[in-house]
Amino acid sequence: MTSRVSQTAEQTCPTDSSGLADSGRIIQLTDLHLTGTKTRRAWGTDVWPNFERALELVRQLEPFDALVLSGDLANTGRLRAYEFLREALEPWIDRVHVVPGNHDNRRKLRRVFRDLCVDGAGTVNFVANVAGHRLIGLDSKRWFRVHGMVGKRQLAWLRRTLESSALPALLFWHHPPRPVGTWWLDRDVLRDAHELEALLRSHPVRGVFFGHVHQVWSGTFAEACAYGSPSTAYQFRPGSMRPGAVAVRDTALRVIDIADDTLTTRIVTPSTSE
Ligand SMILES: [Fe+2]
Ligand SMILES: [Fe+2]
């Protein structure tokens with residue numbers, strides 16, 4: 001059996017920024033929920049085999065310019081999970097960018113990925129210029145909380161970071177900035193989304209990409225296109241009244257393509273062919 005790439009319909013994000021001649025590809029992996037023992041499952045799911053399937057898709061999507069991991073990298077924040085993850089990402093490590101999610105242990109994540117991280121405000125952030133855009137990763141984790149928050153110090157860091165470049169920004173973080181229509185996940189929306197939105201409105205932001213919701217979502221935030229992305233491990237049932245209801249235990253990732261002044265994005269999943 002061989003695997004082939006299947007994909008959802010492309011979405012194009014309209015833009016008023018013209019004259020961008022750069023092109024490039026960004027891949028977002030989110031909510032890996034990796035365990036410290038590769039045979040151990042999480043949420044009743046074989047998270048490591050599913051992650052390996054995601055990496056097979058990543059290989060098929062070469063060439064790309066950045067591989068962004070947007071939180072819940074480890075299911076219970078085990079150091080071994082981060083060490084195994086680093087080993088698996090080694091072929092692309094110079095293109096890898098990470099931010100934590102609510103399941104992560106910030107200290108252990110930073111210990112393993114220190115060389116890839118920027119310190120925003122005691123937080124784990126990243127900044128990279130890719131395809132004529134400024135990629136910025138925010139840390140929305142709050143200790144001992146499931147919901148997200150950026151915080152005043154990180155907002156100040158973000159303001160300085162946005163003001164230091166004229167490039168349009170693509171932002172990545174873990175938590176949803178607004179409700180996605182699933183009540184038990186909507187409790188986890190960024191508590192300071194209004195402050196973040198007010199800041200982003202005064203800067204050229206072209207796209208916002210988040211995780212946590214384990215499902216596909218699209219809308220707007222701060223007048224930019226905003227996208228929720230599915231997990232590499234398992235997908236929650238959109239709109240379900242039952243907390244934690246899983247729809248699919250299979251892998252998925254998001255691809256963002258920039259070409260000729262246009263940003264398009266789509267979800268890629270493996271499917272099996274004879
Ligand atoms: Fe998650
Ligand atoms: Fe999460």
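I looked up Gln154 and found it counts as buried, because it has 22 C-beta neighbours inside 10 Å. The cut-offs: buried means 20 or more other C-beta atoms within 10 Å of a residue's own, exposed means 12 or fewer, partly exposed is in between, and C-beta atoms are placed from the backbone.

The model is predicted: local features need pLDDT of at least 70, side-chain atom pairs count only at pLDDT 80 or more, and totals for chains, interfaces and linings use all residues. Residues are numbered from 1 along each chain as its sequence is written, with chains lettered from A and ligands numbered from 1 in the order in which they are written.

I placed Gln154 in helix H4, residues 152-163. Helices (H or I, at least four residues) and strands (E, at least two) are DSSP runs, numbered from the N terminus. Leaving aside neighbours within four places in sequence, I listed the contacts of Gln154 as Gly120, Ala121, Thr123, Leu138 and Asp139. Contact means C-beta atoms, placed from the backbone, within 7 Å.

Next I traced the sheet. Seven strands form an open, mixed sheet in the order S6-S7-S8-S9-S10-S12-S11. S6 (118-119) and S11 (217-221) stand at the edges with a single partner strand each, so one side of each lacks a neighbour in the sheet. Strands pair if DSSP finds at least two bridges between them. I found five bridges between S7 (residues 124-130) and S8 (residues 133-137), which run antiparallel. Val127 has Ile136 in S8 as its bridge partner.

Note on methods
Contact = placed C-beta atoms within 7 Å.
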